[in-house]
Amino acid sequence: MPYRIGVFLLFVATLVAAWLLGGWVGYRQVEQESLEESFRYRQLVANELNRYLPVPELMAEHPLLQRALEAPDNPSAILSANEQMQRMATIVGSSDVYLMDTRGLTIAANNYLQPDSFVGRNFNFRPYFYEAMESGDSAIYFALGLMSGVRGLYFSHPVRDEGGQIIGVVAVKVLVHELESQWDRPTGLREAEMVVLDHNGISFLASRQDWLYRNFSGMADAVPDEYSRRRYPDRDLTPMALKTLGTPWGLLEQSATVRIQDSGKPREYLSVRTPLPRMDWTLQVMVSTRSVVWTRLGFAVGGAALFFGGLLTWLYLRERYRREAELALRGEQLERSVAERTADLENSNRKLVEEIRERERTQTELRETQQELIQAAKLAVLGQMSAGLNHEMNQPLTAIQTYARNSRRFLEKGAGEMVDANLSEIILLCDKMAELTRQFKVFARKSEGPPAVVDLRQPIDASLKIIVAQQSSSEIDIQWHRPDSPVMCHGDLIRIEQVMVNLMANAVQAVEGGARPEIRIDIEETEQCWKCLVRDNGPGLQGDTEQIFEPFFTTKSVKQGLGLGLSISRQIVDALGGSLTGRNRRDGPGAEFVVTLKKREAME
């Protein structure tokens, strides 16, 4: 009999311990899931704040805002500011963007054409206004819109004049629907709710609509202050029927069990409060404690099974000892295998590192070889053009010699005016030769800088100076339809110039000997790119047009080139993020090459 009583008492003690342990584990699981959801939502809020916080500071640098604040009576300045506000709101995806003077009076807004426009409204009582004015830095505030009644985050930043004085504040309102829509209950938290509270305990984000604008401070007689009423106009701010029951054993201080009267029925939740970044907000995740009961029952069943299993444990002690010895032996074998495998992996890693270094060295040598090949091609082009350069230089030198001899005779006769006129002509001819040699010197230079924003007209102008200097181009009608405004694109001045010289030189060789040789250069604009078209009226391309871009492919004689110009030109344009294509003209005889480069706006 005493033996049975002892077994029964031990069984009861086991069930009690399992029940308590199950409660601890159940609460810890619920707390851990709540903390994970809190962390996820906290990161979401932090990302949203980091996304919009720099926006008003960038807007405050816009000169149209400064001009509107300095001249609020100027209709043109105000209209420009209103239109700029519309563009800013569209770009950043905000609902409202508006500009206030130092008194808080709105002088421009993106909704200036709407009946409920902010223009003329005074918001000096809003914290995002006076905090930006007092601190001289960005401010963040959450509230309901006075005009729309829609919840939103307000980001603001002061606008300064040239002297650094604050002359106004620009504000951006971002709707918070996205923050609320991101609250997705996981499968393990089907009875979970979420609210985001301000420093007074008022909920302004909630997973349930009937919990919005409620007081979660736990005080049934709490009366909203004037600050909360102005922050949430026309809202009741009714206190929630909430009672805090305490913190279960083993949980964090921020966790507590609460009982809420929901539709007249009491529901018990585990509440976990987490402060949110940058703001005086508190995220409160509340998870139903029903799962804790099931966890406790599971632990009780497990405790009972463990108790009865312990009665039979002694039958298996011998087998257990034998198995442990066998497992120890297998463990030693496994450790040896792991050590051998680790050594193999270390050897493989060393070989892989050596291969990576060798590949990096090979890539570096390849880039250097490509640069040398490009430079060699440029020098080859200069060599082919040397005859034309000699012809272009010989005429000015002959003229200089003639002017010099005449000047000596005029000096002997005392004709000073004629001598001065001859010297002026000599200076002009010298400037012409200097400009010509300078252009060839720039063309021969290596380009070492990274791609930048350049005016496409400049390399075309420079290329034409080199091509026109050739004697072979004197009979050719070169038509350059130069745009009046800059053509800003992503590229490199010297490398684009090399491409244009190659294309124009090929066009000159193609039309030589024709009846009416003609070369046309045009620039066309697309949504994302600029296109430069080089057309000629020669015999056109033969066969597959892509084959002409292969290295050493050429239809010319050896004296005219090695067939590397178009291949190198395509590599240059590809490296600049563009493209180079060639085809026969569709509007007549001849070939057409198209250089496509991205616009400056497309790269920003």
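Select Glu 326 to start: at 31% relative accessibility it counts as partly exposed, a label for anything between buried (under 20% relative accessible area) and exposed (over 50%), using a 1.4 Å probe and protein chains only. Before moving on, note that this is a predicted model, where local features need pLDDT of at least 70 and side-chain atom pairs count only at pLDDT 80 or more, while totals for chains, interfaces and linings use all residues. Residues are numbered from 1 along each chain as its sequence is written, and side-chain values use heavy atoms, with hydrogens and water left out.

**Stop 1: helix 9**

The term covers a side-chain nitrogen of Lys or Arg within 4 Å of a carboxyl oxygen of Asp or Glu. Both residues sit in helix 9 (residues 317–384), 4 residues apart, which is about one turn of the helix. Helices here are DSSP runs of H or I with at least four residues, strands are E runs of at least two, and both are numbered from the N terminus. How many salt bridges does a search of the whole structure find? It turns up 16.

**Stop 2: strands 15 and 16**

Now pick Arg 535 and Asp 522. They form a salt bridge whose closest N and O atoms are 2.8 Å apart. Arg 535 is in strand 16 (residues 529–536) and Asp 522 is in strand 15 (residues 518–525), so this pair ties together parts that are 13 residues apart in sequence. Are Arg 535 and Asp 522 buried or exposed? Both are buried.

For another pair, go to Asp 492 and Arg 495, with their closest N and O atoms 3.6 Å apart in a salt bridge. Asp 492 is buried at a relative accessible area of 10%, and Arg 495 is buried too, at 15%.

**Stop 3: the cysteines**

Select Cys 532, which is buried at 1% relative accessibility. Its sulfur is 9.5 Å from the closest cysteine sulfur, in Cys 489, too far for a bond. With a disulfide taken as a pair of cysteine sulfur atoms within 2.5 Å, the count comes to 0. Cys 529 is also worth a click: it counts as buried, at 17% relative accessibility.

**Stop 4: the aromatic rings**

Rings of Phe, Tyr and Trp (its six-membered ring) pair if their centres lie within 6.5 Å; planes under 30 degrees apart are stacked, over 60 edge-to-face, and the rest tilted. That gives 10 aromatic pairs. Show Tyr 128 and Tyr 141, a tilted pair at 6.3 Å centre to centre with 45 degrees between the planes. Tyr 128 belongs to helix 5 (residues 127–135) and Tyr 141 to strand 3 (residues 139–144), 13 residues apart. Both are buried.

Next, show Phe 142 and Trp 281, an edge-to-face pair at 5.8 Å and 85 degrees. Phe 142 lies in strand 3 and Trp 281 in the loop between strand 10 (265–275) and strand 11 (282–288), so the pair ties together parts 139 residues apart in sequence. Phe 142 is buried at 0% relative accessible area, and Trp 281 is buried at 2%.

Finally, select the cluster that ring pairs make of Tyr 98, Phe 118, Phe 123, Tyr 128, Tyr 141 and Tyr 154.
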